[in-house]
Amino acid sequence: MAVFGLLAAALGAVGLAAPDALLAVMGFEPVPDGARAAGDHTLVFLTASSMAAVNMGVYYVLAALSDWRAFFGWTVPFRLLTCAVFTAAVVAGRAPAGFLGVGLWEGAGAAATWAALRYERRTAAPASAG
């Protein structure tokens, strides 16, 4: 949780400070300054998404620091949903192939969180039974 939170916050900060760098990391071709069409609100959307990533990253770090297990469990289905939506966007041609990595990161994070929570429940059960 803490690692995901730190990465989310860091990538959000990159998006706020250098939006073209974040676009390139996600597989989108940055548009040079002054070359955007009138009404292109890509940078506005990227600013909003980046700020949300910073906030989400802080939430994850705080949840990890407070060992808030319920929060950890809540993230699993929503990260799987994010994986599905982002993957579908690539398959449907709405996003470049490089964006698939974002969806796979979410899916892998959800699977790792689910596995860790399951492992902890299983190893804690015998100790509490005795």
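Arg79 counts as buried, at 4% relative accessibility (buried means under 20% relative accessible area, exposed over 50% and partly exposed in between, with a 1.4 Å probe and protein chains only). The model is predicted: local features need pLDDT of at least 70, side-chain atom pairs count only at pLDDT 80 or more, and totals for chains, interfaces and linings use all residues. Residues are numbered from 1 along each chain as its sequence is written, and side-chain values use heavy atoms, with hydrogens and water left out.

Arg79 lies in helix H4, residues 69–91. Leaving aside residues up to four places away in sequence, Arg79 touches Phe4, Tyr60, Trp105, Glu106, Gly107, Gly109, Ala110 and Thr113 (contact means heavy atoms within 4.5 Å).

The protein holds 5 helices and 0 strands (DSSP runs numbered from the N terminus: helices are H or I of at least four residues, strands E of at least two). The order from the N terminus is α-α-α-α-α. Of contacts between residues at least 6 apart in sequence, 68% join residues at least 24 apart.

The C-alpha trace spans about 70 × 30 × 20 Å along its principal axes. Of the 130 residues, 25% count as buried.
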